[in-house]
Each structure stands twice: as C-alpha cells, then as structure tokens.
Number of protein chains: 4
Amino acid sequence: MSKFNTLREEAYEANMQIPAQHLALYTWGNVSAFDPDEGVFAIKPSGVPYPELTAGSMVIVDLDGNVVEGNLRPSSDTPTHAVLYREFAVKDGAKIRGIIHTHSTYAVSWAQAVKPVPLFGTTHADHIQTEIPCTPYLSEEAVKNDYEKETGNLIVEHFRKLKLNPDEVNMVLVGGHGPFAWGSTAAKSVYNAAVMEEVSRMALNTLLIRPDAESLPKYIVEKHYLRKHGPNAYYGQSAK
Amino acid sequence: MSKFNTLREEAYEANMQIPAQHLALYTWGNVSAFDPDEGVFAIKPSGVPYPELTAGSMVIVDLDGNVVEGNLRPSSDTPTHAVLYREFAVKDGAKIRGIIHTHSTYAVSWAQAVKPVPLFGTTHADHIQTEIPCTPYLSEEAVKNDYEKETGNLIVEHFRKLKLNPDEVNMVLVGGHGPFAWGSTAAKSVYNAAVMEEVSRMALNTLLIRPDAESLPKYIVEKHYLRKHGPNAYYGQSAK
Amino acid sequence: MSKFNTLREEAYEANMQIPAQHLALYTWGNVSAFDPDEGVFAIKPSGVPYPELTAGSMVIVDLDGNVVEGNLRPSSDTPTHAVLYREFAVKDGAKIRGIIHTHSTYAVSWAQAVKPVPLFGTTHADHIQTEIPCTPYLSEEAVKNDYEKETGNLIVEHFRKLKLNPDEVNMVLVGGHGPFAWGSTAAKSVYNAAVMEEVSRMALNTLLIRPDAESLPKYIVEKHYLRKHGPNAYYGQSAK
Amino acid sequence: MSKFNTLREEAYEANMQIPAQHLALYTWGNVSAFDPDEGVFAIKPSGVPYPELTAGSMVIVDLDGNVVEGNLRPSSDTPTHAVLYREFAVKDGAKIRGIIHTHSTYAVSWAQAVKPVPLFGTTHADHIQTEIPCTPYLSEEAVKNDYEKETGNLIVEHFRKLKLNPDEVNMVLVGGHGPFAWGSTAAKSVYNAAVMEEVSRMALNTLLIRPDAESLPKYIVEKHYLRKHGPNAYYGQSAK
C-alpha cells in the first residue's frame, strides 16, 4: 500500500471533473494534487483518455519533476506544475494544493488573442478582484531552453511583475496557449477553471453587445469579493 | 411537522430547475417561494450545491430577512428577495409568489454591458411588452450601506422611475451583476428566467446579424402579449 | 376508434422531435400532420408541455380551422397551418403533408433582423436553392384583423411575389417572429426546421468571419440540390 | 465470412463517432477505412441514419469507386475518398488509412467564408503546423464534369500547390462546402475532424476578441508540434 493513495485519489477525482465540466476534449488537460509535507504531487499520466484513468494510474512526482512512484509517464505539463508549487506554494507560502491546465474554448480564445479578460461583472468579482491576467508569448530562448518549466517561470514572473497574490488571483492565461488555475484543493482548482471559462465567455459576449463596455466599479468588485472571501465573509455555510 | 412544508417543497422543486434549465453553474442562483398569508418565504440555503439540496434544507425567512425556521444560513441574496416581496407584492399588490436570481450566461452578458435587452421579436413580446430593463450600477453609498437590500431597492426604484408594472414586467437585469425574475409561483419565476436567457441570446445574435436592427412594431408587441396575457387570451388550455 | 388515429400518431411523433432536436423551449413550437383526402390535419394542443403530450391529445382540425375531433384547444397557430395547407397543398398542389413552427434560436435571430439567410454553402444548397426567404413584418391592419390567419397569408403572398415553389423552398422566416417549415411528411417538416436552424447558425458565423462573404456560385448550388432532389438524384438509398 | 469484416468494423466504429462527437446532424458525414494491401476501403452507405448503421452495412469499394462488396449504395462522397487514397496514400505514400467528411458547424462556417483557419494557438499547433488550408470554390467545369471526384482532385492540387505534406497537414476545408480530414486509422481521422471543429471555433472567438490577432510565433508552433509528433516526441505513453 502506497502512502500516496489518498493524494492519487484526490488527483483522480479532480481529473475526472475535466470532461464532466466540459473543460477539454479527449486527453487535453490535467490536474495535480499537492502534498506539501511530502513535497510531491499526483498528476494525470500523459495522453491517457479520461475514461481509462484510475486512481492508481496517477503519477507521483517531486518538485524537481522526478517520478517518485508510478508506472506511466506523467503529463508533459508536469514541469509547469512543479514550478508553480515550488514558487507559489513553497517559496511564497500560498495555500495551493491543486493545479489544473485545460484547453477550454473561451479561455483559450482570450489566450490566443493575448488579452487579459476584463472584469465586467460580479460573476467575475465573486472570484477574483482583477482582470484575468494573460502572459505575453513565451520568448524564443525560453521555448528552446525548457518549454514546460519556462511556462511555469513565465507565469511566476508575470505575477511578480503585476504584484498579484496567487492566493487571491488563482487563474491565468498563458499567451497563445491557454488557461492554468489553482486552488486550496485539486477540486477547487477545477472549480476555478470552470469559473474562468464561464467568465471568459460572458466577457466576449459583453464586448459584442457593447465594444466600449466599462469595467465594474472598484467598490462593487471589492464588496463581491469580500462577501465571499473577506474576514467577514457571509456567503455559504462555513463563512465566519 | 412544520406548517411551511408545502412552501419548502415548492421552493425546493423550483431551485432544482436552475441546473435542469442550465441557468447557473455550481451553486450560483437561488429561488424563493412566498406565502403572503404567513408573510414568509422559503429560500435556498447559501452555497449548497443543487444535488445536495432537500426540501427540508430550504430556509424560512420573514420579510425583514430574519430566519423563522431552518438550520442553515439562507442565500446571501435573501435581503434582495425580501425587498421585492415587500415592495412589489405587499405594498403594490402585485401577484408575485416566487423570485429567482441566476447567473445565466447571456442575461449576465447584457447586465455586464449595462444595457436593456431590446424587444426585437415575438419570442420576447409573448412574455413582456417592453425591453428587459437594466438598472444602472448600484451607487458606492448603497453598496457600502447594505448591499443586498440596496440591490432590491435599486430594482424597485428603477421600476417606479420607468413606471413599469411588476405584474407585467417580471424580469430585470441589475447593471454589472445579472438577472432577477419573478412570477405568480416559484416555478413560473424559473420559467421567466429561462425566457430572459433565451431572449437575451437571440437579441445578441440579432445585433450581430444587423447592428441597426429595429424594435418590433408596437402593434405586433401588443397582439402577442395580449393573446397570451390579455382579458381575451387564447393561448393555452386555461385561457379565457 | 377514431379514423384519425394514424394521423394523430404521426403528429405526436413529430411534435416530440421538437424538444429532441432542441428546436424550442417549453411549449414553444408545434407540428401538424395533414390528410388531404379527409381535408383535416392533426395538431398539437395549445400550451401543453411536450412531456405531457400523447397521441390522443392531438387535435383534429379542418382547413377552416374548426375542431373536428379532440377535447383540447388546438395550437394558437392553427389558422396559419390551415392557410398554408389550403393555399400550398390544395390550391397549388404542393406535396405538403406536415408543417412546423418553432422558436429555434438562430432562425429566430435572423427573423428578428428581418433578413433572409444568405446561401453561403452546400449544407444550405443540399436542401434549398435560394436564400431562406424572410417576410416583412405583418402590417398593422393584418395584425388587427386575424393575426394567425394573416401570418399564413403573408407567407403565401411572399412566396407568390418571389415566385418561390413551396415544393422546393420548404422553409421561411416570418419577419420579427420566427421560422415555419414544411415537408412531404410531418417528420420531414421537423427535419427541415432542424436544417434551417443549423444553416442559420452557420450563416451568422460566416458573416462574423467575413462580413463580405459571397453567395455560393449558382453552378454549385444547382449541383448540390440536384444530386439530392433532381430526377437523377444519387444521394441516399431510394434515389433513382 | 467476408475477408473485409475487420475493415467494416473499423469503418462502422468510426462512423458512430460522428454523432457521438457532435460533428454532424442526421446523416451528414461519413468515414471510410482503407486497406492498402487489398486496395479497397469500407465506407458508410449513403443517407442511412447513424442509429440504423451496422458493421455489415458498410460498403466495400475499390480505388476506382466500384463497389466490391455490399448491398447498399455507398456514400455519394465515395469518389472524393477514392481520389484522396489514390493520390495521397498510394501515389505519395502518405500513411492515410481513414478519411472523414462532416458538416460540423464551425469548420463549415470558415469553409463558407472561403478562408483558411489562422494558426492562433497551441491547441492548433499541437496538431498541424500551418493554418488549416481552404481550397477555392470548385470551378464550373469541374462541377459539371464529375463533382465528387473533382472535389478530391481540388484538394490534391491545393496541397501540391501549397507544398503541404498530407502526413503532416491532415485536414482541409473545401471552399463553400466543408471539412475533410484523414489519419493513420479511421478513428484518428475522426479525432482530427473534432480538432478541426474546436480549433475553428476558437479561431472565430479569437477574431471577435481581437480582429487583428497575430499568428502564433513560429518557434512556439514548432515546439508544440514536435513535442507530440517529432522524432523526440514526449507526449503520451508510446512516445519515444
């Protein structure tokens, strides 16, 4: 019996939510679940269709991207996950225990336009207080060096440059590529990816209705975010 | 046995129509059912996923927003429902027995653009005779005072300013936020929310096909509305 | 035993295809099945949700719109069906045995823009050789006179004015309202309504990709139409 | 027992993926499976609805389009498949064992605009390194000569003119008509058609968000393509 079975189970359940929430076709997309005490995460094996996944097929990887346990090759995006856990969770102390990457339609469309998703309404503000950030394209040097690791570095640099807190802004678009999201559990990272997709869709519609649509006023953004996430949050059953 | 079981059952059935009609993701959205004799309404508990709802989990609240019966915290939008029942149903005498709030995609998109939905066709005119009204953003003062209650006040003021009859115009967009609808039963409020979503989608398409699309002539609007809702209505089996 | 049971069954099966093919929400939409020998058609009762329909609930109506058999009130659109059968099938001799009216999203969007759907590709040309016609709004006089009957008259006049053959052009948009379609059976009318919806959606997308998109050249239109419908048709198993 | 049963089974399974992946309505679309040793392919019978298909109903055809085995008439697009196998697989030696034609919504929309689908992101670059090519309309002479065969010729000429390698670029739009795709198995051709549809949808959205969206830089295109398809591919479990 592996000591990583619970972690594998969490990763497996979260990966199965990708097709359930229509966040990717075929094998496109992957979720990982992180155990900070062991310094490892469980991640989807590369290129395996969702219906063939089992908890046992999840691969255990350390933060250098080395396979610790598992018979299959881990997702090709594994080095991106490793960088994000190392930098955001371990170094910055952000409470990130799950990361997801998908190719969901509307989020990818904004990433392809290399544009952050404007903050137009409360559906968005209920989750993050800024537009959804979008990195520039990865540089040629970075791509030639170590593509997936540099994708992680690009996200981290973008967050540091914009002074974004990964505990508060838990989603990002990589320019020309697509969405990454994270959360305090693997399941919550999937939820955030679904939010990002829906908010991306609404934002495109909003622009089509009104090309000069304005951002939601700051005071409404703050109110909506804080009623769900602030010290006096009053949304849900467990709010203080 | 609570005397509110029937009301709870009605609210529960209506809430379960939100995911069935694809009107919101996850826990976004809530329906209430109002009993004017008791002066209370049953509403969805806050933040509980639809598959976990039961009739017994519906919370009974009075028109000041105080919990009368129930173990869970009511929807954070409860004060908005309370204001609408108090002002429209009790004060104005409108026959409103159910209210719904959702984050349905196309209705939210118009709300984010802070634009009323133009009345382009009979699908719309079959239900209301005006464009779907859209309030401005809530003021900073109102947001800081009592956000959800002021959202209700904003809707009421907007209706009074535009001289809209809540028995005839049973749907509204709150600018930057999203749709609210109501009806003579909780189930009918859900129906109206589904109508609003479909009509919002058709209106966006219409603008894309023809940016200068015209409003439906008044004489067709009236005909369509009256054949369903007028004193000589002849649509359906119970029409006079 | 009524002699109209087969006709009722045909109308019932076709009506149940409206929700199955996602051509309307709730009760919006109706199909009728015509028996030219008896001079009657079976049509959906007004305002009854699809899951509650039975073959027995279909109403038998003659070409003046009088109920011949049935306990329920027929669809409020019955006089439109009656006019189309009388003018196109009986008078012009077109082989029309089924008529459908829906509020499908994209077809309604074009109707609301009061624009015919351009013939951009072979998906369209496989079915009709012209753009999908769109009538103007019904006149105020006609609306005040006899709305549903005049809707039928408007379609007939539009076809005669444009010299369209209802055996070849089996679909139409009523300006500001929505789609009507017909076919040699009730089931084929539903098929044509589904084609109209899909072609309407593709045409909007095409315009978004290329606002000055050109019509499909005439020689391709003819080829595609004739390979399915011409005297030497070679599509399908029963083609000559 | 026919020696073509395995081939028929492969074609049948792949055809059933057309409705499962929502790539066509009704009977629109067909897949074939090719056996290069026997010089024949199995293809869907013309005009038969998917639920009525069986492996036994697949028609075996040779590369001149003659029926070798089967009681039904083969798809009317059979001559197009025959040309593509003959030219690309037999003559050029491309490893093509399956071909698909659909009328999927977004791919058709680009074909109707007669525009290649720009390469905006990695979802696209994971599969092909160029925009999705789009042929011009077929000429009047070609249409009048032998429509379906000339459609195949048009694709082959377009690939030769643009110096595209059919082993690398496994999808194409026929101007005014719709998508064709192929692959090393019939199942992979369906996968490529689903990719083409999703990429076509994302590209339209991208243009709506940013009309002057740029192509993905060449160095990212190459990286993404080669990590899946190059000699040192590291995506999936069977990669070298």
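1. Two strands count as paired here if DSSP finds at least two bridges between them. The model is predicted, and the points below should be read with that in mind.

2. Start with the sheet of chain A. Seven strands make an open sheet, with antiparallel pairing. Their order is β4-β3-β2-β1-β5-β7-β6. The edges are β4 (67–69) and β6 (171–174) of chain A. Each of these two strands pairs on one side only. On average, neighbouring strands of the sheet are turned by 25° against each other, direction ignored.

3. Which strand pairs with β5 of chain A over four bridges? The partner is β7 of chain A, residues 178–183. Strand β5 itself covers residues 98–101, and the pairing is antiparallel. One position to look up is Ile99(A), whose bridge partner in β7(A) is Trp182(A). As background, strands of a sheet pair through backbone hydrogen bonds, either parallel or antiparallel.

4. A helix covers part of this sheet. Helix α1 of chain A, residues 5–20, lies across β1 (30–35), β2 (40–43), β3 (59–62), β4 and β5 of chain A. Helix α1 runs at about 155° to β1(A).

5. Now the interface of chain A with chain D. Here 34 residues of chain A are in contact with 37 residues of chain D. The buried area is about 3,200 Å², and carbon and sulfur atoms give 55% of it. Three residues stand out: Tyr26(A), Arg73(A) and Gln112(A). They supply 21% of the area that chain A buries against chain D, more than any other three residues.

6. Arg227(D) forms a salt bridge with Glu148(A), with the closest N and O atoms 2.5 Å apart.

7. What does chain A present to chain D? The elements giving two or more residues are α3 (105–112), α5 (140–161) and α6 (186–209) of chain A. The largest share, six residues, comes from α3(A). By class, this side of chain A has 17 nonpolar, twelve polar and five charged residues.

8. Turn to the interface of chain A with chain B. The contact takes 37 residues from chain A and 34 residues from chain B. Between them the two chains bury about 3,200 Å², with 55% of it on carbon and sulfur atoms. Which three residues supply more than any other three of the area that chain A buries against chain B? They are Ile209(A), Tyr219(A) and Gln237(A), which supply 23%.

9. The side chains of Glu148(B) and Arg227(A) meet in a salt bridge at 2.5 Å, N to O.

10. Last, the side of chain A that touches chain B. Helices α4 (122–125), α6 and α7 (218–229) of chain A each supply at least two residues. The largest share, twelve residues, comes from α6(A). This side of chain A divides into 17 nonpolar, eleven polar and nine charged residues.

Technical notes. Residues are numbered from 1 along each chain as its sequence is written. Chains are lettered from A and ligands numbered from 1 in the order in which they are written. This is a predicted model: local features need pLDDT of at least 70, side-chain atom pairs count only at pLDDT 80 or more; totals for chains, interfaces and linings use all residues. Side-chain values use heavy atoms; hydrogens and water are left out. Axes are lines fitted to C-alpha atoms, for helices over the stretch in contact, and angles run from 0 to 180 degrees between N-to-C directions. Contact means heavy atoms within 4.5 Å. Buried area is the accessible area (1.4 Å probe) that two parts lose on being put together, summed over both. A salt bridge is a side-chain nitrogen of Lys or Arg within 4 Å of a carboxyl oxygen of Asp or Glu. Ala, Val, Leu, Ile, Met, Phe, Trp, Tyr, Cys and Pro count as nonpolar, Asp, Glu, Lys and Arg as charged, and the others, Gly among them, as polar.
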